[in-house]
Structure formats: C-alpha cells, structure tokens
Amino acid sequence: AFQNPKWKSQEQMPTTSTPDRRLFVSTLATSVGTLLLVPAVSNAGIDPSLLKSLPVQGDESGAAQRLRQIESIQRPASDLVDVPFQELPSGVSYREYREGKGDAEVVQQGSKVAVEMTIRCKSFATANEPGGLKYFSTKEDTEFNEIAWTVGSGEILPGLEEAMMGMRRNAIRRIEVPSTQVFAAKKSNQLPLPTTKDGKRRFENLFKTDATLLFEVLVTRVK
C-alpha cells in the first residue's frame, strides 16, 4: 500500500479518532449550510448582476448605459463643477454646487421653504473635516430630516436667507456666514439648536472664538 515517504512505519502515521471525524463532518456540513442560506448582498437595493438583463438602446448588454443613468441621477455633473465662492455686499459668501430644478418657484422674500442642512464651525476645522466640525444637522437633530420656515419671518438668521435667494428645489449651496452675524443671530435666537451631546458642546465653545459658520443647504421644497 502507498505510504507518504515522510512516515517510515505504519505506527508513525497520524490517525484521526472517530469522534474527531464526526466533529469535522458536522462542522463542515454546518458551514456549507450557512453559506447556502446567506442571501446575496446588493448595492443600494440594486443587484448589478441583474442589470445585464435590462436592455437599453445603444448598449449591447444594457448594463453600462443603465449604470451611467443611475450615476447621473444620484450625482449630477453639476455637482462636480468647480464654482468659486461668490461674496455678497453683507460679507456673506456662497458657492453653488447644484442649480436645482424648476423655473417658477425660487427662494425669495415670503417663500415657504424646507431644507436639509448641516452647519459646521469653521474654526473647528480638522484634517478629516476641513470645513469644520458640524454642530447641527437635520439628519441628527430633527425628526423628519428637514427644517421649514418662511423667508423673512425672522426665524432664521438673515445672512443665510440672503445667500439662499434664487435657489430652486434640489439646489445645493455652501454658505459662509461671518462671525459678527452669527453672534447677532445667537442673541436673536435665529440659529438652529443641536440636540446631540457633541453638538451642544461645540455650539457652546463656538462663541468663545471665531464663530464663522458654514451652512450646507439642500432645498427640498419651496413655495
């Protein structure tokens, strides 16, 4: 009978006891069963393997064109345009990242608007967050991931509203409000307030230094 040359005699060859064999077989069966039961993971609810079955005119497989369509919806080309900050006479400046949709409804005095918003403390910039640590976001600090108000009502600091003029639904701007206006807005209770522990701590520390704020604003509704 064949023997591995490493083992000079039958007695020296390694053996496996019956219980060990049973344990190994049981473990192997469990592992295989687990692999068979784990569902395939899809990306953002889309299974890339199914894209090939969706024909698109101009693309033989249909996959490449459909992926481009999905990408163009999620990340419009306008998001990548490098537009410089535009400074207003008041000292507030803004940069438009996306123009938005619709011609009839734009933000103006008296408009009822709803926005998703993140507010960053510029003086608390880090290597990972060069725009500053955030003290407020509608995602974490509001129930429905938005805040709504009437422009010109005095609910929100005027500098922010000034830089939002002309925005359409789905438009995105980053707005920088200088420290002096932020201090004035705090006295007038015109700043969104945080609910998280970190946010509250940053908000309090903000007014011990330069209080310049960066507002990242996405308009979700305007009427």
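Helices (H or I, at least four residues) and strands (E, at least two) are DSSP runs, numbered from the N terminus. By that rule, Asn145 sits in the loop between α4 and β5 (147-150). This is a predicted model, where local features need pLDDT of at least 70, side-chain atom pairs count only at pLDDT 80 or more, and totals for chains, interfaces and linings use all residues. Residues are numbered from 1 along each chain as its sequence is written, and side-chain values use heavy atoms, with hydrogens and water left out.

**Overall layout**

- The chain has seven helices and seven strands.
- Read from the N terminus, the elements follow the order α-α-α-β-β-β-β-α-β-α-β-α-α-β.
- The chain holds 223 residues, and 30% of them count as buried. Buried means under 20% relative accessible area, exposed means over 50%, and partly exposed lies in between (1.4 Å probe, protein chains only).
- A contact means heavy atoms within 4.5 Å. Among contacts in the chain with a separation of 6 or more, 66% are between residues 24 or more positions apart.

**Confidence**

- pLDDT is the predictor's confidence in each residue, from 0 to 100.
- The chain averages a pLDDT of 79, and 62% of the residues score at least 70.
- Over residues 1-13 the pLDDT stays under 50. The model gives this stretch five contacts beyond four places in sequence.
- Residues 32-42 also have a pLDDT below 50. Beyond near neighbours in sequence, this stretch has one contact in the model.

**The largest pocket**

- Rolling a probe the size of a water molecule over the atoms shows where empty space is left.
- The search uses a 1 Å grid over the protein atoms alone. A cavity is a set of points where a 1.4 Å probe fits but cannot get out. A pocket is an open set with protein on both sides within 12 Å along at least five of seven lines. Lining residues have an atom within 4 Å of a point.
- Grid points are joined across faces, edges and corners, and a volume is the space filled by probe spheres set on the points.
- The largest pocket contains about 210 Å³ of space.
- Its lining has 16 residues, of which Glu116, Met117, Thr118, Ser137 and Glu216 lie nearest the centre.
- Elements that give two or more residues to this lining are β3 (112-121), β4 (133-137), α4 (138-141), β6 (172-177) and β7 (213-222).
- The lining residues divide into five nonpolar, four polar and seven charged. Here Ala, Val, Leu, Ile, Met, Phe, Trp, Tyr, Cys and Pro count as nonpolar, Asp, Glu, Lys and Arg as charged, and the others, Gly among them, as polar.

**Salt bridges**

- A salt bridge is a side-chain nitrogen of Lys or Arg within 4 Å of a carboxyl oxygen of Asp or Glu. The count by this rule is eight.
- Arg120 pairs with Glu129 in a salt bridge, with the closest N and O atoms 2.5 Å apart. Arg120 counts as buried, at 15% relative accessibility. Glu129 is partly exposed, at 28%.
- Glu140 and Lys134 meet through their side chains in another salt bridge, at 3.4 Å from N to O. Glu140 is partly exposed, with a relative accessible area of 45%. Lys134 is also partly exposed, at 28%.
- Glu216 forms a salt bridge with Arg174, and their closest N and O atoms are 2.3 Å apart. This pair links distant parts of the chain: Glu216 is in strand β7 and Arg174 in strand β6, 42 residues apart.
- Shared partners join Arg120, Glu129, Arg174 and Glu216 into one network of salt bridges.

- Asn145 is not a glycine, but its phi is positive, near 60 degrees. Asn145 is partly exposed, with a relative accessible area of 27%.
- Asn170 has a positive phi near 80 degrees. Asn170 lies in the loop between α5 (158-164) and β6, and is partly exposed at 23% relative accessible area.

- Glu161 is in helix α5 and counts as buried, at 6% relative accessibility.
- Leaving aside neighbours within four places in sequence, Glu161 is in contact with Trp149, Thr150, Val151, Gly152 and Ile156.
- Glu161 and Gln108 are 53 residues apart in sequence, and 8.5 Å apart in space, C-alpha to C-alpha.
- Glu96 lies in strand β2 (residues 93-98) and is partly exposed, with a relative accessible area of 23%.
- The C-alpha atoms of Glu96 and Ala163 are separated by 9.9 Å, and the two residues are 67 residues apart along the chain.
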